[in-house]
Amino acid sequence: MSQYWSSLVHNLTPYVPGEQPKLQNLVKLNTNENPYGPSPAVIAALQAEAADSLRLYPDPDSSRLKAAIAEYHGLQSNQVFVGNGSDEVLAHVFQALLKHDLPLLYPDITYSFYPVYCGLYGIAFETVPLNAQFEIAIDDYLRPNGGIIFPNPNAPTGMPLALSEIERLLKANTQSVVVIDEAYVDFGTESAVALVNQYPNLLVTHTYSKSRSLAGLRVGYAVGDAALIEALIRVKDSFNSYPIDRFAEAGAIAALQDEAYFQQTRQQVIASRDQLVLDLQNLGFEVLPSGANFIFARHPNYAGEQLAASLRAQAVIVRHFKKPARIADFLRITIGNPAQNQALMQALRTFLSA
Ligand SMILES: Cc1ncc(COP(=O)(O)O)c(C=O)c1O
């Protein structure tokens, strides 16, 4: 606290990211990073970029990257917005498209950055409870609102929602923007990008941090109607002209162009997830259906906090949310490589047999 702070800062409750431990040799399954490195083509592109041109500002419009993303999804460049990670893209989305008189709607159990953006920008919101099966129930969103946002698959549950349900929402909700945060979509969830040309109020966000294994590079994007994208560009150009640096643009383009590597690594993660689900179920865990690179699981006999603490004592870190109470016994476990997943299973067996 300081007398020099603005009243806004006094009242902010910032987002707390998952721990990035300084200790070596931890099995790190807490922030949904990809266990495999980025495509070798990305490393080559970054090395090529480390040249004299670094003294020059990057392209403020990131035109090459936007063109590559547009081509990848069969869209036009003016339907693409890029930013410094999808967190930054989402921040601009909240400010540009979701701040209205009516409340923004999002699930009660979801990405915990959403309430933070609402606090930062003074956005009125209402949370909509997930149903008893932890699903997003579209009927509960069919009421007056200033916008709707949720991840698909949802986080931290990992549960996918069928595209037909999203289309049902879009057909009924035409007066406000619907944002589908597809950070984890490449791990087995249907994408709403296919609907972008039909619904002018649909915006879909993606990240390079998960399926492209580039969390350290910070690249995310949104696709939607050109008018929605123009709103985001207005905010971005009032905030930071150069969110995508030269490395980020070169690396992201190279990642997009290596389709074979992308398919191979994402299939490996999906196969490991399916194995891990079976292994955990064999130990008595209840695991929610996952379309993501993480799973949400609880054990009927042990508190989530106790399980997380035991894993940590055995050098395995997973994410545990104390609130809301409904999910306090769940662990959110990132899918690692086979050796990491085995270390997790071994640590759980040790705990359960103690
Ligand atoms: C649901 C969801 N959306 C967006 C993000 C932001 O990802 P990034 O800023 O790395 O693109 C995350 C990160 O974990 C997430 O879980």
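Mentor: Two strands pair if DSSP finds at least two bridges between them. Strands (E, at least two residues) and helices (H or I, at least four residues) are DSSP runs, numbered from the N terminus. This is a predicted model: local features need pLDDT of at least 70, side-chain atom pairs count only at pLDDT 80 or more, and totals for chains, interfaces and linings use all residues. Residues are numbered from 1 along each chain as its sequence is written, and side-chain values use heavy atoms, with hydrogens and water left out.

Trainee: Take β6 and β7. In which sense do they pair, and over how many bridges?

Mentor: Parallel, over 4 bridges, between β6 (residues 178-181) and β7 (residues 202-207).

Trainee: What is the strand order of the open sheet of 7 strands?

Mentor: Read it as β2-β8-β7-β6-β5-β3-β4, with mixed pairing. The edges are β2 (80-83) and β4 (125-128), and each of them pairs on one side only. Angles run from 0 to 180 degrees between N-to-C directions, with axes fitted to C-alpha atoms, for helices over the stretch in contact. Here neighbouring strands are turned by 20 degrees against each other on average, direction ignored.

Trainee: Which strands does helix α5 lie across?

Mentor: Look for contact, meaning heavy atoms within 4.5 Å. Helix α5 (residues 113-121) lies across β3 (104-107), β4, β5 (147-151) and β6. Its direction is at about 155 degrees to β3.

Trainee: Now the open sheet of 3 strands. What is its order?

Mentor: The order is β9-β10-β12, and the pairing is antiparallel. β9 (286-287) and β12 (330-334) each have a single partner strand, so one side of each lacks a neighbour in the sheet. Between β9 and β10 (residues 294-298) there are 2 bridges, in the antiparallel sense. V287 has A297 in β10 as its bridge partner. Helix α9 (residues 259-282) packs on this sheet and touches β9, β10 and β12. The direction of α9 makes about 5 degrees with that of β10.

Trainee: On to the ligand. Which residues are around it?

Mentor: A residue counts as near if one of its heavy atoms lies within 4 Å. The shell is G85, S86, D87, L90, Y111, D181, A183, Y184, T207, S209, K210 and R218. Helix α4 (residues 85-97) gives the most, with 4 residues. By class there are 4 nonpolar, 4 polar and 4 charged residues. Nonpolar covers Ala, Val, Leu, Ile, Met, Phe, Trp, Tyr, Cys and Pro; charged covers Asp, Glu, Lys and Arg; the others, Gly among them, are polar.

Trainee: How far is the side chain of T207 from an oxygen atom of the ligand?

Mentor: A polar contact is a pair of N or O atoms within 3.5 Å; within protein, one must be able to donate a hydrogen and the other to accept it, and residues adjacent in sequence count only if both atoms are side-chain atoms. An N or O atom in the side chain of T207 is 2.5 Å from a ligand oxygen. For S209 the distance is 2.6 Å. For a polar side-chain atom of K210 it is 3.0 Å. Taken alone, the ligand exposes 400 Å², and the protein buries 92% of that. Accessible areas use the Shrake-Rupley method with a 1.4 Å probe; for residues, only the protein chains shown count as cover.

Trainee: And the backbone: what is the peptide bond from N152 to P153, cis or trans?

Mentor: Cis, with omega near 0 degrees. P153 sits in the loop between β5 and α6 (163-172). A cis bond also joins A155 and P156, with omega about 5 degrees. P156 is in the loop between β5 and α6. F134, in the loop between β4 and β5, has a positive phi near 70 degrees and is not a glycine.
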